[in-house]
Amino acid sequence: MKKLFLSDVDGTLIENVNPLISTENKEAINQWRNKGNCFGLVTGRNITLCEELLSLNELEVDCLLACNGAISFWKGNLIKKTCINVEKSRKVLDIVLEFAPTLVPFISENGMTYFPKSHLS
């Protein structure tokens with residue numbers, strides 16, 4: 001019987017500051033898959049960041065649940081994609097914009113993060 005092992009990415013499979021999967025973990029994943037089992041990632045990362053991670057680590061996955069489960073793939077085929085509708089998006093944006101004067105954006109190669117100005121004093 002085939003088994004499926006799913007792993008979180010940040011802080012689990014990799015350390016948050018280092019995008020490289022350890023040799024020990026890569027070997028374990030490859031051994032697992034070579035036995036006929038399946039391996040996948042479950043992450044809040046978007047598809048682009050997942051593809052970069054997999055490419056950088058020369059790793060293949062059978063299953064990918066990205067964007068906190070909003071998009072899922074099995075064997076490279078899209079299974080489900082869930083998008084927030086425009087009305088809800090506008091409501092979220094309105095709430096975020098209320099806080100905009102109190103936030104400072106920090107832009108890195110992995111995207112944008114916001115910090116409260118009060119934490120920078």
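This is a predicted model: local features need pLDDT of at least 70, side-chain atom pairs count only at pLDDT 80 or more; totals for chains, interfaces and linings use all residues.
Which strands do the buried residues of α2 pack against? They pack against β2 (38-42), β3 and β4 (71-74).

**Stop 1: helix α2**

Select residues 47-56, the span of α2. Within the helix, colour Ile-47, Leu-49, Cys-50, Leu-53 and Leu-54, which are its buried residues. Now turn the view to look down the helix axis: these buried residues fall within an arc of 165°, so they line one face of α2. Then show β2, β3 and β4 to see what the buried residues of the helix pack against.

**Stop 2**

Go to the N-terminal end of the helix and select Asn-46 together with Thr-48. Asn-46 caps this end, with a side-chain oxygen 3.1 Å from the backbone nitrogen of Thr-48.

**Stop 3: Asn-57**

Select Asn-57, which sits in the loop between α2 and β3 (63-66). Is Asn-57 buried or exposed? Its relative accessibility is 1%, so Asn-57 counts as buried. Show the residues that Asn-57 touches, leaving out those up to four places away in sequence: Pro-19, Leu-20, Ile-21 and Lys-26.

**Stop 4: Ser-7**

Select Ser-7, a residue of strand β1. Its relative accessible area is 8%, and Ser-7 is therefore buried. Apart from neighbours within four places in sequence, Ser-7 is in contact with Thr-12, Leu-13, Phe-39, Gly-40, Leu-41 and Val-42. Keep Ser-7 on display for the last stop, where it is one of the lining residues of a pocket.

**Stop 5: the second largest pocket**

Select Phe-5, Ser-7, Thr-12, Leu-13, Asn-25, Ala-28, Ile-29, Gln-31, Trp-32, Lys-35 and Phe-39, which line the second largest pocket. The space in this pocket is about 160 Å³. Colour the lining by residue type: 6 of its residues are nonpolar, 4 are polar and 1 is charged.

Which elements each supply at least two residues of this lining? They are β1 (4-8) and α1 (23-34). Helix α1 gives the largest share, 5 residues.

Methods
Residues are numbered from 1 along each chain as its sequence is written. Side-chain values use heavy atoms; hydrogens and water are left out. On a 1 Å grid over the protein atoms alone, a cavity is a set of points where a 1.4 Å probe fits but cannot get out, and a pocket is an open set with protein on both sides within 12 Å along at least five of seven lines; lining residues have an atom within 4 Å of a point. Grid points are joined across faces, edges and corners, and a volume is the space filled by probe spheres set on the points. Helices (H or I, at least four residues) and strands (E, at least two) are DSSP runs, numbered from the N terminus. Ala, Val, Leu, Ile, Met, Phe, Trp, Tyr, Cys and Pro count as nonpolar, Asp, Glu, Lys and Arg as charged, and the others, Gly among them, as polar. Buried means under 20% relative accessible area, exposed over 50%, partly exposed in between (1.4 Å probe, protein chains only). Contact means heavy atoms within 4.5 Å. The arc is that of the directions from the helix axis to the C-beta atoms. A polar contact is a pair of N or O atoms within 3.5 Å; within protein, one must be able to donate a hydrogen and the other to accept it, and residues adjacent in sequence count only if both atoms are side-chain atoms.
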